[in-house]
Amino acid sequence: MLTTATHLDDRGQAMTDGTAADPPPELDGPDGAALARELMRRMQRVRLFEEATIALFHAGELPAMVHLSIGQEAAVVGACLATRTSDYMTGNHRSHGHPIAKGARLDALMAELLGKATGVCGGKGGSMHLADFSVGSLGESGIVGSAIPVATGAGLAAQVRGTGQVALCFFGDGAASEGVLHESMNMAGLWDLPVVYFCENNGFAVSVTTEESLSVPDVAMRAAGYGMPGVTVDGQDVLAVYCATREAVERARRGEGPSLVEAKTYRFHEHAYGLVLPRPYRDQAVVDSWFDTVDPITLFHDRLLAERVLTAGELQALRDEVGAEVEAAVEFARRSPYPPPEAAWTDVYAPGHDPQEVSA
Ligand SMILES: Cc1ncc(C[n+]2csc(CCOP(=O)(O)OP(=O)(O)O)c2C)c(N)n1
């Protein structure tokens, strides 16, 4: 049986295991192996999809800079797999991984990144403004913190309609100090909304460290101010993240209100791929060493082997399958047409809405 551990990260901060009251599932049974396979498959999807975007960027085929989640896959996947497809989810500017982890098709996502008509938003959203309603992804935005009230509103809608859905709200440590977060969390705490606020604390908001921007050592400590539980979890441990988020999701589904989960994680690449900041703000040798020491995919891979959950052959086959899926997604995106100019006039208003009504 796999267990999760409490340890110190290399920023010297204590990371508490979010699973104390909720032991991790046993991975040596048939269900456990299936869970392990799915966690690994989705982490590989995020990693290989984003590695493909790096190649497209260098080839000049990607018309923008991209904010990558490489290094943060365990946080993204552990959280999303603890929800149902019908649950809502909102992201931020670093949000290819969120819909992928929620189960989205890679071909339509890749087409969106290339601005093609077959993309999830018809090629009009791109890397930073995509949504995929088919998996509950309500959208993402380049405005830091802007999706937090959207997730809160989705939670309110689920509560009013009595649908039993939960809203999973991703944001970074920088967004954690935006006013909109506090307004949203206060309302959610007050009205017991079914929202899981999920902070991917990667230690930096562009070049600003959490030591420079946070008044407390852990974002999760702020939960107490809004009458909700908060937990800090090792964001490189996919199973720990899954268990902590599952507990928060179940709590929300039982009608007991929101929670805050903070995953301490690492951003392996620059704030945006291709961005060159005028002054160095982190030691590149340390960052390079993260691929050997805190890579969430390697950590889980080695653990599954050590615990004899999956064999090396099974893990390789899984990676190869995902590699083929990503290659097919890139080819699909390349072959797809750009939207025609007149498409600029569609998808402006929600279906069935008459803009004349508003102006009348
Ligand atoms: C309202 C707003 N303020 C500032 C910015 C500029 N900006 C873009 S990303 C970013 C950092 C966000 O950091 P964090 O929330 O920790 O997410 P991360 O990039 O680390 O994933 C900033 C300040 C913005 N886009 N929107």
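Modeller: Start with Asp173: one of its backbone N or O atoms lies 3.2 Å from an oxygen atom of the ligand. That is a polar contact, a pair of N or O atoms within 3.5 Å. This is a predicted model, where local features need pLDDT of at least 70, side-chain atom pairs count only at pLDDT 80 or more, and totals for chains, interfaces and linings use all residues. Residues are numbered from 1 along each chain as its sequence is written, and side-chain values use heavy atoms, without hydrogens and water.

Colleague: What is 2.8 Å from a nitrogen atom of the ligand?

Modeller: A polar backbone atom of Gly142. Asn202 uses its side chain: an N or O atom there is 3.0 Å from a ligand oxygen.

Colleague: How much of the ligand's accessible area does the protein cover?

Modeller: 71% of the 590 Å² that the ligand has on its own (Shrake-Rupley method, 1.4 Å probe).

Colleague: New topic. What does UniProt place at residues 41-342?

Modeller: The unreviewed entry gives "domain: Dehydrogenase E1 component".

Technical notes: A polar contact is a pair of N or O atoms within 3.5 Å; within protein, one must be able to donate a hydrogen and the other to accept it, and residues adjacent in sequence count only if both atoms are side-chain atoms. UniProt positions are given in the numbering used here, feature names are shortened, and annotations may be inferred rather than shown by experiment.
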